[in-house]
Amino acid sequence: MSLRFKVRVPATSANIGVGYDCLGLALDYLLELEVEESDKIEFLENGKPFSIPIEDNYIFEAIKFTEKYLVKNLPSYKVNIIRNDIPLARGLGSSSSAIVAGILIANTFAGNPLSIDKIAELAIKMEGHPDNVVPAIFGGMVLTAHDKENIVYSTISDTEELCFYVMIPDFKLSTERARSVLPKSYLVSDAINNMSKLGLLVNAFNKKDYSNLRFLLGDKIHQPYRFALINNSEKIFAASKEYGALGEYISGAGPTLISLNYDNDEFLENMKQMLDTLEDKWTIEKKKLNLKGAEVYDEEIF
């Protein structure tokens, strides 16, 4: 008797303005996998051999990491990626979704011994930062704090009236490069700016009061240093403001940019036309929060 199941994990958007390394959300881009026991370890994409070598595959790495933690030998398996909307190196949590998927695969084969909190703990240990993996697991918008011994998270009220206008360029930006431009130390005034705004930003999302959203997203810790790495980013933010958005931020380490607004097709069309004038190719899509988070489903014995 063998086990077969599916895994679904959403994309994430982290570093939301002043929420550097602590505030993230899940978006409706999806990584979906079909998994089954097999006579050998194999990774496929829509039934064809996966293009990424197994030693560079975050899903495989997360499975092995979890297997070692569980001190349990898992069966050989076949993983078939049937859907992946999440672009690589664009600031939408592609590595985090793969890590979460791998942990869920190992946990399912082991008989589900891990609690959801333990799954989050393992994912943070692998990823190093909680603001991508935790929303991928739980869904919605999540504020997280952690150190070597503690993980504390809180889900923020559903922002169902907000849309996230996701602007993705045709160029990549690695997290390593985006982190390399950050200073080694900060002014106390810049730290206070972010701390005071973060509390009020979370309060605004919980109360659904977006009247000061752009001001509260106004970061001084990471975004000012990363604008130069993202062609026309400040110009795009200015256009977003001109066309009536509630606020903007760099998604993750970039280069994806996100405007927050109500459901507004005129805004979407205006931004699309503006992006079409730039030398790089940009796409824009209107997305909502993914509230389900990571799922294992259609489990069966065959």
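Here is a short briefing on some local features of this structure. The model is predicted, so local features need pLDDT of at least 70 and side-chain atom pairs pLDDT 80 or more, while totals for chains, interfaces and linings use all residues. Residues are numbered from 1 along each chain as its sequence is written, and side-chain values use heavy atoms, without hydrogens or water.

**Backbone geometry**
- Most residues other than glycine have a negative phi, and most peptide bonds are trans.
- The Gly254 to Pro255 peptide bond is cis, with omega near 5 degrees, and Pro255 sits in the loop between β9 (247-250) and β10 (257-261); strands are DSSP E runs of at least two residues, and helices are H or I runs of at least four, numbered from the N terminus.
- Lys208, in the loop between α6 and α7 (213-216), has a positive phi near 60 degrees.
- Asn232 also has a positive phi, of about 65 degrees, and belongs to the loop between α8 (223-226) and α9 (233-242).

**Exposure**
- Lys208 has a relative accessible area of 32% and therefore counts as partly exposed; buried means under 20%, exposed over 50% and partly exposed in between, using a 1.4 Å probe and protein chains only.
- Asn232 is partly exposed, because its relative accessible area is 22%.
- Met195, in helix α6 (residues 188-207), counts as exposed at 59% relative accessibility.
- Lys272, in helix α10 (residues 265-275), is partly exposed at 40%.

**Separation**
- Lys272 and Tyr225 are 47 residues apart in sequence and 26 Å apart in space, C-alpha to C-alpha.
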